[in-house]
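I opened the model to look up its sheet, its helices and its core. My notes follow.

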Amino acid sequence: MRDIEPTGRATVLVCITCRAATDPSDAPRAGLALAKATAVAAANAPDISVRGIRCLGNCGRGLSAAIRCDNTWAYVFGGLDATRDSLSLLIGARLLAQAADGIMPWRGRPESLKRGLIARMPPISFCEEPL
């Protein structure tokens with residue numbers, strides 16, 4: 001396996017089209033509220049950028065976001081809460097950006113990022129041992 005060298009800068013992608021199944025179709029999108037709250041929380045964090053994205057394809061699992069860095073694994077989370085998880089996303093982003101092996105550590109990860117993990121994908125440069 002090739003060594004992974006994180007860049008120290010993370011990007012949080014928040015689905016801005018997410019909403020609760022019980023929300024009326026004309027109600028403000030909770031995903032947009034989470035994206036805005038995360039952007040505000042990261043305003044003074046030069047090591048984290050926040051971007052809204054239209055649909056992560058995780059609609060059945062509630063509010064969704066992804067965290068990625070160059071040369072690290074990327075993570076997708078669901079079941080997030082617009083009023084409480086903006087700081088959780090920033091903590092996760094920093095954990096990933098500082099991970100020497102490019103994998104977000106379990107220890108120190110906020111509970112919503114433990115129970116809400118949907119998937120993790122390796123970096124494009126990842127080479128697994130042949131089978």
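I began with leucine 89. Setting aside neighbours within four places in sequence, I found leucine 89 in contact with Val12, Val14, Leu34, Thr38, Ala65, Ile67, Leu80 and Leu113. Contact means heavy atoms within 4.5 Å.

This is a predicted model: local features need pLDDT of at least 70, side-chain atom pairs count only at pLDDT 80 or more, and totals for chains, interfaces and linings use all residues. Residues are numbered from 1 along each chain as its sequence is written, and side-chain values use heavy atoms, with hydrogens and water left out.

Next I looked up the largest nonpolar core. It has 29 residues, and Ile67, Leu80 and Leu89 have the most contacts inside it. Such a core is a set of buried (under 20% relative accessible area, 1.4 Å probe, protein chains only) Ala, Val, Leu, Ile, Met, Phe, Trp, Tyr and Cys residues joined through side-chain atoms within 4.5 Å. At least two residues each come from S1 (10-15), H1 (30-41), S3 (63-69), S4 (74-80) and H2 (86-98). H2 gives the most, six residues. Helices (H or I, at least four residues) and strands (E, at least two) are DSSP runs, numbered from the N terminus.

Then I traced the sheet. It is open, with five strands in the order S2-S1-S3-S4-S5 and mixed pairing. Pairing takes at least two DSSP bridges between two strands. S2 (48-53) and S5 (117-121) are the edge strands. I noted that S3 and S4 pair in the antiparallel sense over four bridges. Leucine 63 stands opposite leucine 80 in S4.

Definitions and conventions: Buried < 20%, exposed > 50% of the residue type's maximum accessible area, 1.4 Å probe, protein only.
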